[in-house]
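Trainee: Could you walk me through how to read a fold like this one?

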Amino acid sequence: MKPEPAYSYCLLTGSGGGMGKALVKALTEESFPVAAFSRDSVSLDPLSILPPRPDFIWQFSVDLSDLERVDMLLSTLLASWGPPFLVIHNASVLFPRVPLWEEADMHVRQTLRVNLEAPMFWVSRLTPAMIRAKRGGHVFVSSTVGREARANWGAYAISKSGIEALSANLALELPAPLFSFTLNPGAVATRMRRKAYPESDPANPKSPEWTAGILARFLEGIRDMDNGRTYNGRRLDLDRLLEEGNV
Ligand SMILES: NC(=O)c1ccc[n+]([C@@H]2O[C@H](COP(=O)([O-])OP(=O)(O)OC[C@H]3O[C@@H](n4cnc5c(N)ncnc54)[C@H](OP(=O)(O)O)[C@@H]3O)[C@@H](O)[C@H]2O)c1
């Protein structure tokens, strides 16, 4: 039986700013309940007050590099609400762009931890319950530099290339109708974009709100048509989806 949309909630990381924050708003406007994770200390620490079903927005405070706390939060969510329909791995860090041999060890470690190890951890914790529920999928927010080599993107590029490998491998292993795909949003005017191009931006970035609106409709379509498997293993590009009229 097809699940009722209201109970098909999604989990989203990196909701404190940029595209993640805009996406939470856009998804809830599309009636897609969201459990959103950010480092924002004013977010709830709601473990004792979860309702029996997810209503529209739940904000959870967590640093994704704290895998022990992530584990505890995810276990509580799974026990209370069951598996999500979508997991949107959006949070990432980007440190100042330098040649690989100049990147600080601490920045390398933090980048690989947040951008790659954390999503792998979420996959390992959430996927078994999604398989048992026979529905749902992972959406990994990727980047052009994870798909082709470009100078001076350091550990960030390597983490995004790892995300591409993670999604591709997961897609081969997931039983239908589950799915996994990567999505490159293209240039979006966020804090990360300003960090990447502090002087002058070679592109004309889209606003996070506009981008999030398009993405939310795309993801809502997947939920309503239950067609996520069509995208399994794909490397999607938002600008291309727009050009082709698919969003
Ligand atoms: N903007 C672009 O042009 C562009 C292009 C290609 C791909 N992307 C991808 O799009 C996604 C969204 O990026 P964005 O542009 O919106 O960047 P952003 O404005 O810098 O947002 C990144 C989010 O990740 C969160 N985050 C970072 N480290 C975290 C940690 N340890 N624990 C929890 N949350 C953490 C940040 O939280 P805080 O607010 O607490 O710091 C922030 O909310 C990323 O995956 C990025 O790689 C962006």
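Mentor: We will take the sheet, then a helix pair. This is a predicted model, where local features need pLDDT of at least 70, side-chain atom pairs count only at pLDDT 80 or more, and totals for chains, interfaces and linings use all residues. Residues are numbered from 1 along each chain as its sequence is written.

Trainee: In what order do the seven strands form the open sheet?

Mentor: Two strands pair if DSSP finds at least two bridges between them; strands (E, at least two residues) and helices (H or I, at least four) are DSSP runs, numbered from the N terminus. Here the order is 3-2-1-4-5-6-7, with parallel pairing. Strand 3 (57-61) and strand 7 (235-237) each have a single partner strand, so one side of each is left without a neighbour in the sheet.

Trainee: How many bridges join strand 1 to strand 4?

Mentor: Three, between residues 10-13 and residues 86-89. Leu 11 stands opposite Val 87 in strand 4.

Trainee: And how do I read a helix pair?

Mentor: Two packed helices are described by the angle between their axes and the distance between the axes. Axes are lines fitted to C-alpha atoms, for helices over the stretch in contact, and angles run from 0 to 180 degrees between N-to-C directions. The axes of helix 1 and helix 6 (residues 208-225) come within 8 Å and cross at roughly 50°. That makes helix 1 oblique to helix 6 (angles under 35 degrees count as roughly parallel, over 145 as roughly antiparallel, 65 to 115 as roughly perpendicular and the rest as oblique).
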